[in-house]
Amino acid sequence: MEHAVAPARRRRLTTALIALGVVLATAGCSQAVPMDAAADAENPDCAAVSVRLPDLLASGTSAEQAERETNAQGTGAWGSPASVLLRCGVATPGPTTDRCVSVDGVDWVIDESDAPRYRFTTYGRTPAVEVLVDNEVVSGTTVIAELSPAVSVIPATGECTTTGASIEDAIG
């Protein structure tokens with residue numbers, strides 16, 4: 001009888017250890033940020049941007065934002081909860097009266113209508129890249145400066161005719 005009980009205990013213990021291992025393995029993982037892919041997210045230029053996105057934004061500051069996994073092609077997210085969202089493949093903006101700034105050779109149109117949450121959209125690049133930044137969590141100035149090198153792989157075909165003040169003056 002003793003021998004019949006021991007295998008059953010072993011199975012229960014093995015099952016419990018496997019379950020514990022699964023729980024521990026997934027406990028450190030954060031859930032993917034749900035996002036909608038832009039219409040032109042499958043554009044090869046979006047893939048080129050995606051592989052160049054930084055692991056951290058505002059690195060070394062109190063506002064440091066770690067990259068997060070997303071569930072859509074041509075997207076990026078940083079922070080927990082996500083305070084920076086990027087979508088490549090959005091419609092290229094046409095002429096606008098919104099402020100436009102140039103950062104490291106990349107022109108960005110700034111939509112300030114939902115401040116302190118800002119929408120930055122590249123100007124003169126197809127496909128366009130859109131970045132949403134919660135400026136109460138991390139500086140939009142910092143984010144755009146750190147994302148411009150990745151975005152610059154999309155060839156510029158135009159530029160803003162007037163680039164208002166510096167980005168620091170534009171969003172503080």
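**Briefing on a predicted protein chain**

The protein chain has 4 helices and 8 strands, where helices (H or I, at least four residues) and strands (E, at least two) are DSSP runs, numbered from the N terminus. This is a predicted model, in which local features need pLDDT of at least 70 and side-chain atom pairs count only at pLDDT 80 or more, while totals for chains, interfaces and linings use all residues. Residues are numbered from 1 along each chain as its sequence is written, and side-chain values use heavy atoms, with hydrogens and water left out.

**The chain as a whole**

- Read from the N terminus on, the elements follow the order α-α-β-β-β-β-β-β-β-β-α-α.
- Of the 172 residues, 37% count as buried, that is, under 20% relative accessible area, with exposed meaning over 50% and partly exposed in between (1.4 Å probe, protein chains only).

**Ser 83**

- Ser 83 sits in the loop between strand S3 (75–78) and strand S4 (84–90), and it counts as buried because its relative accessibility is 6%.
- The side chain of Ser 83 makes a polar contact with that of Gln 65 at 2.7 Å (a pair of N or O atoms within 3.5 Å; within protein, one must be able to donate a hydrogen and the other to accept it, and residues adjacent in sequence count only if both atoms are side-chain atoms).

**The aromatic pair**

- The structure holds 1 aromatic pair; the rings of Tyr 118 and Phe 120 have centres 6.3 Å apart and planes at 50°, so the pair is tilted.
- Rings of Phe, Tyr and Trp (its six-membered ring) pair if their centres lie within 6.5 Å, and planes under 30 degrees apart count as stacked, over 60 as edge-to-face and the rest as tilted.
- Tyr 118 is buried at 10% relative accessibility, and Phe 120 is buried with a relative accessible area of 0%.
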